[in-house]
Amino acid sequence: MFGTVVVGVGIAGLARIRDLMNPMPSSPSEHLKLTGFVSRRSFGNINEAKQISLEDALKNKDIHAAFISTENKSHEETIRMFLEAGKHVLVEYPMALSAKAAHELWEMAEQKGKVLHVEHIELLTEEYKQLKKEVVGKDLVKGTLHFTGSVLDENKSGFPAFSGIARLTWLIDLFGDLTVTSATREKQKDKNYSRMTVHFQTANKKPLTWIEERGPGMRREKKINFCFTSGCLENFPEAPRSSVGLFMQDQNLFAKKLLGQVSKEELAAEKWRILRCLDLAEVIQQYCEEPEKIYS
């Protein structure tokens, strides 16, 4: 059994507590045992999970793994603390708000022989699985992925290329390695509106565009337009509902890693994808901030 602690009890943290207390029967998650949770706010208990201090979580020898569900800006520091304390770590994306920090943390986990698992539930949705089936084996001509959503506090969530890394992960997973050719960002501070537009090239020199747009009252929505030599895909394929929740699927994957049930090849491919996306996010941020440097 692996004793676990959940750090941060927002929407994701509460889902983690729920799933750790109710693991899927006969799944790898049955090897995880919730010892408690850590929060800056005072809760006492949540259901039957008890609140413990961060210091206790780090020192407790019965806690083997931490689930980090804090705001994005504190991921890096929290991962570092738990790795230094000799714990395995599951963290919600993005694992850090700079590529350098991400590479350092991954190296640290490997040196300590600990699992560092980054949640990317966007790859586990039935919608995405069906989309990938549609795309596999087709020759891309050009494509666009356009995301809209409500306003985020960037001081907590980071630059849009990092907070929106789920979209970048889709593109890398669908089309392989990408190169950033340009990136711009429009901000209307008075309207609390932001639009980031990124242009990529695939390894075959085909153009892809990612638009990340946020403003008050904007619906959370993804639109696609992927054109292949065989025709265009403008709507998501019909997808069945999954009987297993996304966080539970992710938790099972983390437990499999702890149990040594994931192949070296799969682990290496996942590491490459996660770090490559964070490298690209940083390049995008640099492109978008260049004009500010020139005129400031």
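1. Buried means under 20% relative accessible area, exposed over 50%, and partly exposed in between (1.4 Å probe, protein chains only). The structure is a predicted model, in which local features need pLDDT of at least 70, side-chain atom pairs count only at pLDDT 80 or more, and totals for chains, interfaces and linings use all residues. Residues are numbered from 1 along each chain as its sequence is written, and side-chain values use heavy atoms, with hydrogens and water left out.

2. Two non-glycine residues with positive phi deserve a check. Lysine 205 has a phi of about 65° and sits in the loop between strand E10 (193-202) and strand E11 (207-214); helices (H or I, at least four residues) and strands (E, at least two) are DSSP runs, numbered from the N terminus. Lysine 205 counts as exposed because its relative accessibility is 58%. Asparagine 47 has a positive phi of about 55° and is found in the loop between strand E3 (45-46) and strand E4 (49-50). Asparagine 47 also counts as exposed, at 66% relative accessibility.

3. The peptide bond between tyrosine 93 and proline 94 is cis, with omega about -10°. Proline 94 belongs to the loop between E6 and H4. Most residues other than glycine have a negative phi, and most peptide bonds are trans.

4. Helix H3 (residues 75-84) has His75, Thr78, Ile79, Phe82 and Leu83 buried. These residues lie on the same side of H3 because they cover an arc of only 130° around the axis, the arc being that of the directions from the helix axis to the C-beta atoms. An α-helix has 3.6 residues a turn, so residues three or four places apart point the same way. The face turned away from the buried side of H3 carries the exposed residues Glu77 and Glu84. The packing partners of the buried residues of H3 are strand E1 (2-7), helix H2 (54-59), strand E5 (65-68), strand E6 (88-92), helix H4 (99-112) and strand E7 (116-119). Glycine 86, with a positive phi near 80°, follows H3.

5. The largest nonpolar core has 61 residues, of which Met95, Leu168, Phe200 and Ile284 touch the most other members. Such a core is a set of buried Ala, Val, Leu, Ile, Met, Phe, Trp, Tyr and Cys residues joined through side-chain atoms within 4.5 Å. Apart from it lies another core, of 17 residues, including Val9 and Leu258.

6. Arginine 167 is part of helix H8 (residues 165-175). Arginine 167 counts as buried because its relative accessibility is 4%. Leaving aside neighbours within four places in sequence, arginine 167 is in contact (heavy atoms within 4.5 Å) with Leu145, Phe147, Trp210, Glu212, Arg214, Arg220 and Lys222.

7. The axes of helix H1 (residues 11-21) and helix H9 (residues 246-258) come within 10 Å and cross at roughly 65°. Axes are lines fitted to C-alpha atoms, for helices over the stretch in contact, and angles run from 0 to 180 degrees between N-to-C directions. H1 and H9 are therefore roughly perpendicular, a term for angles of 65 to 115 degrees. Ala12, Ala15, Arg16, Asp19 and Leu20 in H1 meet Phe247, Met248, Asp250 and Gln251 in H9.

8. Glutamine 261 lies in the loop between H9 and helix H10 (264-295). Its C-alpha atom and that of proline 28 are separated by 9.4 Å, although the two residues are 233 residues apart along the chain.

Notes:
Angles under 35 degrees count as roughly parallel, over 145 as roughly antiparallel, 65 to 115 as roughly perpendicular and the rest as oblique.
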